[in-house]
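Student: Please show me the model. I would like to go through its helices with you.

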There are 2 protein chains.
Amino acid sequence: MSKTPWTQLWLDYKKVNSKGNEGYVSNVSLEGFEAEHPIIKNALAELALGVKEMLGQEISVKTGPLEQGLVIKKETTSPDLEGAYRLAEKSGKLTLLAGEESGVLYGVFHVLRIIATEKSLQGADEKKSPSQPLRMMNHWDNMDGSIERGYSGRSFYFRNNEFFIDERTRDFARFMASIGINGIVINNVNVKDAATYLITERYFDKVAELSGLFAEYGIKLYLSLNFASPLELGGPKSADPLNEEVIAWWKEKMAEVFTRVPKLGGFLVKADSEGRPGPFTYGRTQADGANMLADIVKPYGALIIWRCFVYNCTQDWRDYKTDRARAQYDNFIQMDGDYHDNVILQIKNGPMDFQVREPVAPLLGGLKKTNQMMEVQIAQEYTGHQIDVCYLIPMFKEILEFKTYIRKENDTVADIIGGGLTEHRNLNTGIAAVINTGNDIYWTGNVLAAANLYGFGRLAFENSLSAKEIAEEWIRQTLSNEDEVVEKVLSILLPSREVYERYTSPLGIGWMVTPHVHYGCSVDGYEYSRWGTYHRADHLGIGVDRTDKGTGYAFQYNEPNASMYNDIDTCPEELLLFFHHVPYTRVLSTGKTLIQHIYDTHFQGVEEVEAMISCWQTLEEKVPAEYFANVTERFGRQLTNAKDWRDQVNSYFYRKSGIPDEKGRIIY
Amino acid sequence: MSKTPWTQLWLDYKKVNSKGNEGYVSNVSLEGFEAEHPIIKNALAELALGVKEMLGQEISVKTGPLEQGLVIKKETTSPDLEGAYRLAEKSGKLTLLAGEESGVLYGVFHVLRIIATEKSLQGADEKKSPSQPLRMMNHWDNMDGSIERGYSGRSFYFRNNEFFIDERTRDFARFMASIGINGIVINNVNVKDAATYLITERYFDKVAELSGLFAEYGIKLYLSLNFASPLELGGPKSADPLNEEVIAWWKEKMAEVFTRVPKLGGFLVKADSEGRPGPFTYGRTQADGANMLADIVKPYGALIIWRCFVYNCTQDWRDYKTDRARAQYDNFIQMDGDYHDNVILQIKNGPMDFQVREPVAPLLGGLKKTNQMMEVQIAQEYTGHQIDVCYLIPMFKEILEFKTYIRKENDTVADIIGGGLTEHRNLNTGIAAVINTGNDIYWTGNVLAAANLYGFGRLAFENSLSAKEIAEEWIRQTLSNEDEVVEKVLSILLPSREVYERYTSPLGIGWMVTPHVHYGCSVDGYEYSRWGTYHRADHLGIGVDRTDKGTGYAFQYNEPNASMYNDIDTCPEELLLFFHHVPYTRVLSTGKTLIQHIYDTHFQGVEEVEAMISCWQTLEEKVPAEYFANVTERFGRQLTNAKDWRDQVNSYFYRKSGIPDEKGRIIY
């Protein structure tokens, strides 16, 4: 299967039924682009490789007019977002129009995708423009080679505090380009130890080399930055953003950084969060911190991406008024408008932390005058560690389509992070994913988890794609073009997030996971902790009152969302326990009581996993053997996990409520 | 305070009121002992040091008769247990009689203790003989310097896989000798990595040096042994105790070991437990494993101490029939009589694992024909990590005095492990403590925790001492001879175990601790785990049914204990939840319901900690300043811990039962 010691993921370029596509890709002509431009060179090399492997055909590249084949042409008339392209076929001639080289690269990958999925290029007439201007991956890789919340082996960038840049790195850049990623943060947001020195002489050469490699695929390299760098790198004994010495130190430092690494896109900063230093340490605002850095990097065209994951992580569980869900909004809303142009606030999709079900973070739809980027997590920290299958694209779709009511129309999250809040499209907006990769042979632990890696990029580029379309593309390119495989794997992937939800924590309450590890059930694991993550279950009911009678969180939303969430009768049922403390005996829309709903969904979840496994077993001869073995092994663990969740959750609530299962199934 | 970079613990030899003792210790004469014998030399040096420091006086040592002073004389007429001594004063002459040098050493430390505690030597007439023949300390030190369940810093023996033997080691040997310890296991029972090589050339010199140092204080050095040594040290590819090649390998290995370390006392073995290899791996019995090794080390006069902590640590919490409490008895009782003479079974004091309250392990009182040693833990793994004060000697007294009914009389645990089950006293019996020391300046983390270190040795030597007498000795030698200090610290120490019990898990149920860490509350922390440690609480009640209707554990005891535990009406209330599943509404002997008992004890426990702290605060000017600061700091953490336990336990049971506190106090 693999031509390399690692898999080629969706760029496997298996032999395909040509569907008459071969004529469109034998002769290629460039108009207005330089064949020697690194991105164009890579695009053509990719085209040659894909066409050779899939269709068994060489391509020939010329300049000048062409009767039949592919014309790659510079579009100068209608300036569009960087990376946009048009693809049109007429009388055997396929034209790929783009304003810049990155558009060509994306267009070529699109042509290859059409071939790989056995669709026809004939009659093509498509115009693609990225939905989110910034489409980023955030690695949480540490320089010792470990990965925070990594479930796919060790880092492929770092080992023993050294960089490793090789063919694997190049392949990774190809994968990212193929799905439209244009920015990558290579190191963990918790910047410690060696990573603090990424902005020093010790690593400049390597950072420059890697940023050069990325640039050849239209990707900007970003670094996570240690806000306490002045202190830790021998500068002033302070990191106060308003201190003149500190500012001078940063100026000098950034001049050095951008001289040595001119292609650097900027920095991601986690400040004042979970023990990380930040402006609060010096009595300054988040805006003080972000703007100081932003002003200094502005001359270099760089960005400061500032994470909003700021909350009190030493909360007292006895305190029913403090609400971690409120923190992001409360900490950032009052400075709306204060952030400079090249600052982007990076906001997690939900108010808590990447649970399988959360409401959309109200800061998205709260901020009116601030550049925003949404952060999602495809590393399955809380959704099964890439052991359990959990296709996340349906969830991301829900979030993107969420109506915030920030204005009359075009008010969805997709609109906001697609730059649509301002008169002219705001290009300092976007979406980022905490990535799920590592150095394992399959890149993502579970082979099926690559559907999230692929899907995130595809969705960010093209919000209008459905979760099903994306999954189908991925299956066809990765596993097989056979319809039976496509249908069956779709039947596994598409409901998998809801299956995972059913056997884990119910109705939006979240958590109930093994502390620190975040895999496996522990209903009370975070109940009496300092992390602000409670379910408040007692013998009568469960849930957190976030209404006007509780923490008031519901009113961080615009109307009518606020009232909808605030009222137990209009609150969407899947989020019921996030917003309300509900008696076990409350009758839900299904006619079942809450407690019976808990029992039923937990039994159902396990049955669904069993059904998934049976379905997968029928594919043994139809998908690559290594992939089959990998997924089969993980499914075994998923089933154990699902049963454990089922039994712990059901036992916990039965023991607490004393209400038996109507169907008399075994509860311990 | 300290004359060394570490404290001198109870051998601090502060200036004292001489109480007329000076005349007894100025002239010393030896009769029948060699002044140059290393133990005698150390005894005289200690006497000289103590007398100098406490009384400001030099001693002079002669041979031949003496009118006034101390005569140290070899007793040949009445052979007694090694280490026994007599002390008698008559007309200004104090006579110390002993059969061997170790008796002299213990007698000298006793004289110094009398002086240090400001008692009078006049009229002394005491005969002391060790209650337990073997009085051992078990270090759980790893060779990398870490200590499993260590709460007092790092190892003082090992660092980076090397030995460190220096003045601190010698001081430690003095401390141990002063309380009558005659055996020390220096390395963790979980023998891994470098520790496997303790029986190889790599460490022979150092082990020999340390065993030589210990020997000068009457202490034998023991090693924990890796049962899989043949496999790991390049011998046969098996550790099967009946395999001829394996036996031959061990023979050769032991010949080498005892040639290089002739003073070695023997080995402690943890086999087939918590992932450690053992005879079960090869389908052999525990006796097969222990006897094989014992036969091989017998020519060298060495012992094999075999731990009985063998249980299924991958239990299913759903299984209500398997009972970890049964395991030790079930695994060892049937081979009673099969163990060879130089094998000793080391049995934990309770059937679980060093909880603050457990019944006595029924194997003690079950085995009739097997050498037994009891293991207790002064490392406060489950009793407060040497942050919380928990004076354990009252608990050890209860255990020693427990009537097992193994025979009509002299049937207590103390009798069994004091060698009293056989016609002639069985010297291969004893008591061992998992030690609470480390390389911190105070040796035991909390200064007050040294009362357990001191107390364990004193109690093992002399079971008839009361917990109060021991504590008073320790206070006077360590803190002050002032009556106010003695009384106040006694009032802190003596009830401290029950205070700890009150604010932690109720009525013998145990656990409810943070998993792995074992400090801090997590009521359900081990409830759905693989460790066999459950409380089975539901909305109606709590407790594990270990009666004839449950796991049947109660019937591992002899009658009438079995029936007493089996019947909820006769079961001692402090163990109620260990043996019975009890409704929250059951009325206890106090007239309170179980749930009210839980609430009340938890509020009371915190109040008692507050009272302890107030009491301690009054001693600021009366105890050494460093000690005061150390204890004060720990008390602060204990109070936080106690409140957290109180609130979590009360909230948990209130939420689960729905029964309010009668007194209307705050429960969250």
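Student: Which residues of α1(A) are buried?

Tutor: This is a predicted model, where local features need pLDDT of at least 70, side-chain atom pairs count only at pLDDT 80 or more, and totals for chains, interfaces and linings use all residues. Residues are numbered from 1 along each chain as written, chains are lettered from A and ligands numbered from 1 in the order written, and side-chain values use heavy atoms, without hydrogens and water. Helices are DSSP runs of H or I with at least four residues, strands are E runs of at least two, and both are numbered from the N terminus. Buried means under 20% relative accessible area, exposed over 50%, partly exposed in between (1.4 Å probe, protein chains only); in α1(A) that gives Ile39(A), Ile40(A), Asn42(A), Ala43(A), Leu44(A), Glu46(A), Leu47(A), Gly50(A), Val51(A), Met54(A) and Leu55(A).

Student: Why do the buried residues of α6(A) lie on the same side?

Tutor: The buried set is Val246(A), Ile247(A), Trp249(A), Trp250(A), Lys253(A), Met254(A), Val257(A) and Phe258(A). They share a side of α6(A) because their arc around the axis, taken from the directions from the helix axis to the C-beta atoms, is only 155°.

Student: Which residue's side-chain oxygen reaches the backbone nitrogen of Glu245(A)?

Tutor: Look at the start of α6(A). The oxygen comes to within 2.7 Å of that nitrogen, and it belongs to Asn243(A).

How values were computed. A polar contact is a pair of N or O atoms within 3.5 Å; within protein, one must be able to donate a hydrogen and the other to accept it, and residues adjacent in sequence count only if both atoms are side-chain atoms.
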